[in-house]
Amino acid sequence: METPQGPLLRSQSQENDVPAGSQRGGSNRQAFKVAGLTLLATVLIVGQAFTAYMVYSQKDKLNTLERRSDRLEELSRRPSVMRAPMKMAVPMKTLPLVLDELNTKDMKTSSSPAPKKDTMTQCQKQAAGLTSADSFKPQCDENGDYLPQQCLTSPNLCWCVDKRGVMVPETAAQGPAQCNTDKTEE
């Protein structure tokens, strides 16, 4: 039988004593807890300060984004209404083309029905652009004959023709031509 080492009986004062090593370990745990909480609070405060600094330094960009967002929201709330088309400036070089197109529209919208292709006169075919590749489109009367005066609008050049569309010599002029109906009746 072995005997335990140390005294078998202890005194009352010895039983209530706490060993010195256990007191020391408890105070270390408490110090670690305080240090950890302090470090956590410090990291949180530094993070908030950094976020505030970044927001302040990017304030202009944030304001621009906010204005754009408000503008897009405003545009999306507007009802989409059909508006009249805008008038556009037309360069002067294309004016003859525009006038030709307007004349073509006027011919289409006139009250008299358009003649059939097989009953069209030479003047009407040229005016419709069916026979010549030339950009000039003659003006015809209600019978389909050439008008005595034919004009180009861009240089404002006019000349006289007979009923068949043949140019009368020496009648070309800037502005209105002096077309004598005796010369054009040929």
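**Figure legends: overview and close-up views**

**View 1. Order of elements along the chain.** From the N terminus on, the elements run α-α-α-α-α-β-β-β-α. The model shown is predicted. In total the chain has 6 helices and 3 strands. Buried residues account for 10% of its 186 residues. Of the contacts between residues at least 6 apart in sequence, 10% join residues at least 24 apart.

**View 2. Confidence by element.** The average pLDDT of the chain is 75, and 62% of the residues score at least 70. Helix 3, residues 59–77, has the highest mean pLDDT among the elements, at 88. The lowest mean, 50, belongs to helix 6, residues 181–184.

**View 3. A nonpolar surface patch that includes Leu-40 of helix 2.** Helix 2 spans residues 20–57, and Leu-40 lies within it. Together with Leu-37 and Leu-44, Leu-40 makes a nonpolar surface patch of about 320 Å².

View 4. The 3 strands form an open sheet in the order 1-2-3, and their pairing is antiparallel. Strand 1 (149–152) and strand 3 (173–174) are at the edges; each has a single partner strand, so one side of each is left without a neighbour in the sheet. In general, strands of a sheet pair through backbone hydrogen bonds, in either a parallel or an antiparallel manner.

**View 5. Pairing of strand 1 with strand 2.** Strand 2 covers residues 157–160 and runs antiparallel to strand 1, to which 4 bridges join it. Within this part of the sheet, Gln-150 stands opposite Trp-159 of strand 2. In a regular strand, side chains alternate between the two faces of the sheet.

**View 6. The hairpin between strand 1 and strand 2.** The hairpin has 4 residues between the two strands. Asn-156 in this hairpin takes a positive phi near 55°.

Conventions
Residues numbered from 1 in each chain as written. Predicted model: local features only at pLDDT ≥ 70, side-chain atom pairs only at ≥ 80, totals over all residues. Heavy atoms only, no water. Patch = residues over 30% accessible without salt bridge, like charges linked within 9 Å, V, L, I, M, F, W, Y side chains within 5 Å. Areas by Shrake-Rupley, 256 points an atom, 1.4 Å probe, with all protein chains shown as cover. Salt bridge = Lys/Arg side-chain N within 4 Å of Asp/Glu carboxyl O. pLDDT = per-residue confidence, 0-100. Pairing = 2+ DSSP bridges. Buried < 20%, exposed > 50% of the residue type's maximum accessible area, 1.4 Å probe, protein only. Contact = heavy atoms within 4.5 Å.
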